[in-house]
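User: Please take a close look at one loop in this model, and follow its contacts and surroundings from there.

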Amino acid sequence: MTAVAQKTVLTGCLAPIDKNGLEQLIANGKANPKVIKTLKCKTVAEGKFRHANYIRNLAPYIVDEPPGLLGDDTAPNPSEASLAALGSCLAVGLHANAVHRGWIVNKLELELEGDLNITAVWGTGDVSEKPVGFTDVRVKVDMECEGIPKSEIDALVAHVKKWSPVANTFTRPVNLDVSA
């Protein structure tokens, strides 16, 4: 076995995760559980409702609106992007926890959908009293792990939901300061 193969755990059809790196992240979190990391994003309007979001040194992450909301339909809209963030956060947690448990993941897919009332049109339309933003979000996890019963996968899904930073952002109040 090569040195690289010893440092990774094969995960079925998914790309391998560095198990030693994962264990080091776990140890670091346990050693210093109060560390807060500040994430940053710069959003720049490009025209109409298309925006480029600059994160770290990555290529811009584009967010747009569909034609029904006067956009050019070149990228997910902000609410769709938030569903994508939730799905990705849950998927990372599921994959990391499975590898930590020594499970081989053969399939990991999440389907998300959310309900929201958009009649306020960003505060320019019907601003009568109503919930703004998602009122209901549903996530269906399709995860297959070699030799792992559905009951254990279900328990893992519940564990990951509890510890997902994005899921917690969806389910609890967050201090939000927006200023000019």
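Analyst: The loop between S5 and H3 is where Leu 70 is found, helices (H or I, at least four residues) and strands (E, at least two) being DSSP runs numbered from the N terminus. This is a predicted model, in which local features need pLDDT of at least 70 and side-chain atom pairs count only at pLDDT 80 or more, while totals for chains, interfaces and linings use all residues. Residues are numbered from 1 along each chain as its sequence is written, and side-chain values use heavy atoms, with hydrogens and water left out.

The loop itself runs between strand S5 (61–63) and helix H3 (78–100). Leu 70 has a positive phi of about 70 degrees, although it is not a glycine. Most residues other than glycine have a negative phi. With a relative accessible area of 60%, Leu 70 is exposed, where buried means under 20% relative accessible area, exposed over 50%, and partly exposed in between (1.4 Å probe, protein chains only).

Leu 70 also belongs to a nonpolar surface patch with Phe 49, Val 121 and Trp 122, and together these residues have about 390 Å² of accessible area. Patches are made of residues with over 30% relative accessible area and no salt bridge, like charges being joined within 9 Å and nonpolar side chains (Val, Leu, Ile, Met, Phe, Trp, Tyr) within 5 Å; the areas come from the Shrake-Rupley method with a 1.4 Å probe, and for residues only the protein chains shown count as cover. Val 121, a member of this patch, lies in the loop between strand S6 (105–116) and S7, and Val 121 has a positive phi of about 45 degrees although it is not a glycine. At 32% relative accessibility, Val 121 counts as partly exposed.

The loop that holds Leu 70 also takes part in a salt bridge, that is, a side-chain nitrogen of Lys or Arg within 4 Å of a carboxyl oxygen of Asp or Glu. Here the side chains of Asp 72 and Lys 48 meet at 3.0 Å, N to O. Asp 72 lies in the loop between S5 and H3, whereas Lys 48 lies in the loop between strand S3 (42–47) and strand S4 (50–54), so the pair ties together parts that are 24 residues apart in sequence. Asp 72 counts as partly exposed at 41% relative accessibility, while Lys 48, with a relative accessible area of 60%, is exposed. This bridge is one of eight that a search of the whole structure finds.
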